[in-house]
Amino acid sequence: MLKPRLRQQLAELNAIPSVACTTAEQDMSNLPVINLLANWFEQAGFVCEIMPVAPGKANLIAVRAGTDPQAGGGLVLAGHSDTVPFDEALWRSDPFKMTERDGKLYGLGMADMKGFFALILDAVANYARTPFRAPLIVVATCDEETSMAGARALMESAKTKGRFTLIGEPTSLKPARLHKGVMLERVVISGQSGHSSDPELGRNAIDAMQEVITRLQQFRNNLKKIQQPLFPVPYSTLNLGCIHGGDNPNRICGLCELQFDVRPLPGMSLEAIRQDIRQALSGIEQQFGVSMLYEAAVTGSAAAETPADSPFVQKVEALTGTTAGAVSFGTEAPFFNGQGMDTVILGPGNIEQAHQPDEYLEIKNLSPMVLLLSQLIHYYCVQGHARF
Ligand SMILES: [Zn+2]
């Protein structure tokens, strides 16, 4: 049975659109969601700061202070306030009107992941009159689904000084301590076009790109030498995603662009991989008499790893009875790890329903999630086991 207030707050979070999209016409402000959350957390005894990130975009940092400076940095519960765009025609019910069917709550952002904040409020209500020794910090970011600008701004400001972070991304209640990074890259070859009757008259960009592809395929084979068995695909991958070049069969191709992605394992820096690729592609310009640009198509995001022997990983494993594993999607974990916080990813949704029509949260997963949040708050904030 779902508590009326929890159901109401889940429905309100779902009803306020906060779509983040790289296409400007579909991109929305997240301020209405942030203001609503700030209101609720203030009523729950938190001090709230709304941190502007870009026009119409902000993060929320809500803090319930601890009384014992010796008790340590405290616990951070973090998530993103934005959702991906949606395909309304493919939904069985209104994506902004939370609908219950067969023990599931359907609505955009239920699993990924605005619903998480309503569950935090439900857990916090158990401690309304219990003093905290160490602080509880709730973070709601903007633009996680696009640029991760919210998490980046948060890290640069160094305002969340917790010791341990739980990110409520959908993992079906199983803890995860690793994920891969994502790089989206492009190579542009500029040659010289000319009449195809004499290929020597021009410098063919497709011919040069063929060499680029061969070398990237060799590089991809080398990536397989380093493996992390916790991932279903245990090595870093490289996928050739799209290629565009030339305009007509009877012209020498003057311009060709290739885009590819790399998904590096934890422990590999994006910049080091870029250096290796640059090295792998060296000499092609001279060989084919073309010019070549190699760059990141968008700012990538790093892989994340919290060590298996972290006390936070071990605590969450003990509470859930499950060994922390790896997830196949990226999160804001690297930004929290980068501030020296041990980070675990665990949420009540299932990633298979995220970014899909008819996204839902299973009602049976809500009580275990609230129980886990309550146990973490009790251990780290009330008892104060959160020392650096
Ligand atoms: Zn998410």
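Predicted model: local features only at pLDDT ≥ 70, side-chain atom pairs only at ≥ 80, totals over all residues.
Residues are numbered from 1 along each chain as its sequence is written, and side-chain values use heavy atoms, with hydrogens and water left out. Helices (H or I, at least four residues) and strands (E, at least two) are DSSP runs, numbered from the N terminus, and two strands pair if DSSP finds at least two bridges between them.

Strand S6 has partners of both senses. With strand S3 (75–80), S6 pairs in the parallel sense over six bridges, whereas strand S2 (residues 57–64) pairs with S6 in the antiparallel sense over five bridges; Arg-64 stands opposite Leu-136 in S6. Six of the six residues of S6 are buried, where buried means under 20% relative accessible area, exposed over 50% and partly exposed in between, with a 1.4 Å probe and protein chains only. Both faces of the strand are covered, with Leu-136, Val-138 and Ala-140 buried on one side and Ile-137, Val-139 and Thr-141 buried on the other. Ile-137 also has Gly-162 at 7.2 Å, C-alpha to C-alpha, although the two are 25 residues apart in sequence. Gly-162 is placed in the loop between helix H4 (149–157) and strand S7, and counts as buried at 1% relative accessibility.

Helix H3 (residues 115–124) is largely enclosed by the rest of the structure, because ten of its ten residues are buried. What covers these buried residues includes helix H1 (4–15), helix H2 (31–43), strand S3, strand S6, strand S7 (164–167) and helix H10 (366–382). Two packed helices are described by the angle between their axes and the distance between the axes. For H2 and H3 that angle is about 10 degrees and the axes are 11 Å apart, which makes H2 roughly parallel to H3. Axes here are lines fitted to C-alpha atoms, for helices over the stretch in contact, and angles run from 0 to 180 degrees between N-to-C directions; angles under 35 degrees count as roughly parallel, over 145 as roughly antiparallel, 65 to 115 as roughly perpendicular and the rest as oblique. Leu-37, Trp-40 and Phe-41 of H2 make the contact with Phe-117, Ile-120 and Leu-121 of H3, contact meaning heavy atoms within 4.5 Å.

The zinc ion is coordinated by His-80 (NE2), Asp-112 (OD) and two OE atoms of Glu-169, at 1.9 to 2.7 Å. Donors are N, O and S atoms within 2.8 Å of the metal (3.2 Å for Na, K and Ca), and since water is not among the atoms, sites may look incomplete. Along the chain the donors follow the spacing H-x31-D-x56-E. His-80 lies in strand S3 and Asp-112 in the loop between strand S5 (104–106) and H3, so the pair ties together parts that are 32 residues apart in sequence. Both His-80 and Asp-112 are buried. The angles among the four donor atoms span 53 to 142 degrees, and the site is irregular: four donors count as tetrahedral if all angles lie between 85 and 135 degrees, four count as square planar and six as octahedral if opposite donors are over 155 degrees apart and all others between 65 and 115, and anything else is irregular.

Two open sheets remain to be described. In one, four strands follow the order S10-S11-S9-S12 with antiparallel pairing. Strand S10 (237–245) and strand S12 (291–301) stand at the edges with a single partner strand each, so one side of each is left without a neighbour in the sheet. Neighbouring strands of this sheet are turned by 20 degrees against each other on average, direction ignored. Eight bridges join strand S9 (residues 182–190) to S12, and the bridge partner of Ile-189 in S12 is Met-292.

In the other open sheet, three strands follow the order S4-S5-S16, again with antiparallel pairing. Its edge strands, strand S4 (99–101) and strand S16 (360–362), each pair on one side only, and neighbouring strands are turned by 25 degrees against each other on average, direction ignored. Three bridges join S5 to S16, and Leu-105 has Leu-361 as its bridge partner in S16.
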